[in-house]
Amino acid sequence: MTQNLNVLADIESRVATLTINRPDKRNALNAATRAQFIEAMGQLETNDEVRVVVVTGAGETAFVAGADITEFADRSPMDQFAVMRRRTVYEAVDQFPKPVIAAINGYCLGTGCELAMACDIRIASDNAKFGQPEVNLGIMPGGGGTQRLPRLVGLGQALKMLYTGEIISAERALEIGLADEVVPAGELRQRVSELAATIAEKSPVALRLIKEAARASARMPLDEGLRLETSLFGLAFSSDDKREGMTAFTEKRKPDFKGR
Ligand code: COA
């Protein structure tokens, strides 16, 4: 696996951890970091050894404290338009065909909050802080903040955060549904690796189909979503993993899923 300076990749026991590595800049995402992140996700997608990805930030204080503001300062509208037409880190996560867990170890602001929201599950340390402070800079979220936040927390809570740019605690994020679980800071790594290990043991085929169906629920009416689920359910029945799962159950042993 390529070790890029701004994004560190580590693979252990079927779980890949991508660490955004600019701790001196509170892991703010600049263009190089975004490109390295997208490249790393591309490599993990085709690596059959990897079944779950964890995204986190280096150091003790930040997950990702936003886009690198220094890159925005002199950017013209057309420069920004060109940047926005490139593949984004959010797409790389959202469209990734395996489960992605955000391990939120501190400031989770702006782009960082948007990156976390693109992940499937958000586990936060109790010292994490969430917010969409773009409004304070005279801009608005551009990485899904106005779309994913209302879907996660409801329109009123989302607009309260988006209009005020307020920074909320991990506990509050848990209350409104932005974080899925909060653990003491010292236990974050352990808790996330337990969760990732549990998921990594499951059938990769089933995980992939579950993700496809559950993600579709955000963009489809119920009847269409239910039809998609029925089709994918049928597809699951054609897999070796299904045969292995059923056989292991009748033989009273743990299944050994191969992802086929
Ligand atoms: N873009 C660029 N640099 C950033 C950054 C960002 N989003 N967030 C932090 N940094 C840099 C700081 O400029 C500083 O760099 P320097 O040491 O060269 O001066 C370094 O990271 C440390 O930041 P600092 O503010 O000293 O740390 P802190 O722990 O006191 O505060 C934050 C942390 C996250 C509260 C504060 O840095 C902040 O408000 N950052 C901007 C958050 C934001 O608006 N994000 C949305 C962007 S769209």
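A polar contact is a pair of N or O atoms within 3.5 Å; within protein, one must be able to donate a hydrogen and the other to accept it, and residues adjacent in sequence count only if both atoms are side-chain atoms. The model is predicted: local features need pLDDT of at least 70, side-chain atom pairs count only at pLDDT 80 or more, and totals for chains, interfaces and linings use all residues. Residues are numbered from 1 along each chain as its sequence is written, and side-chain values use heavy atoms, with hydrogens and water left out.

View 1. A backbone N or O atom of Ala65 is 3.0 Å from a nitrogen atom of the ligand. Oxygen atoms of the ligand lie 2.5 Å from an N or O atom in the side chain of Lys25 and 3.1 Å from a polar side-chain atom of Arg26. The protein buries 59% of the 860 Å² that the ligand exposes when taken alone (accessible areas by the Shrake-Rupley method, 1.4 Å probe).

**View 2. Residues around the ligand.** The ligand is surrounded by 14 residues (a heavy atom within 4 Å). Asp24, Lys25, Ala65, Ala67 and Ile69 are the closest. The shell comprises eight nonpolar, one polar and five charged residues (nonpolar: Ala, Val, Leu, Ile, Met, Phe, Trp, Tyr, Cys and Pro; charged: Asp, Glu, Lys and Arg; polar: the others, Gly among them).

**View 3. Helices α10 and α11.** The axes of α10 (residues 204-216) and α11 (residues 222-236) come within 10 Å and cross at roughly 180 degrees (helices are DSSP runs of H or I, at least four residues, numbered from the N terminus; axes are lines fitted to C-alpha atoms over the stretch in contact, with angles from 0 to 180 degrees between N-to-C directions). The two helices are therefore roughly antiparallel (angles over 145 degrees). Leu209, Glu212, Ala213 and Ala216 of α10 meet Leu228, Leu232, Leu235 and Ala236 of α11 in the contact (heavy atoms within 4.5 Å).

Technical notes
Angles under 35 degrees count as roughly parallel, over 145 as roughly antiparallel, 65 to 115 as roughly perpendicular and the rest as oblique.
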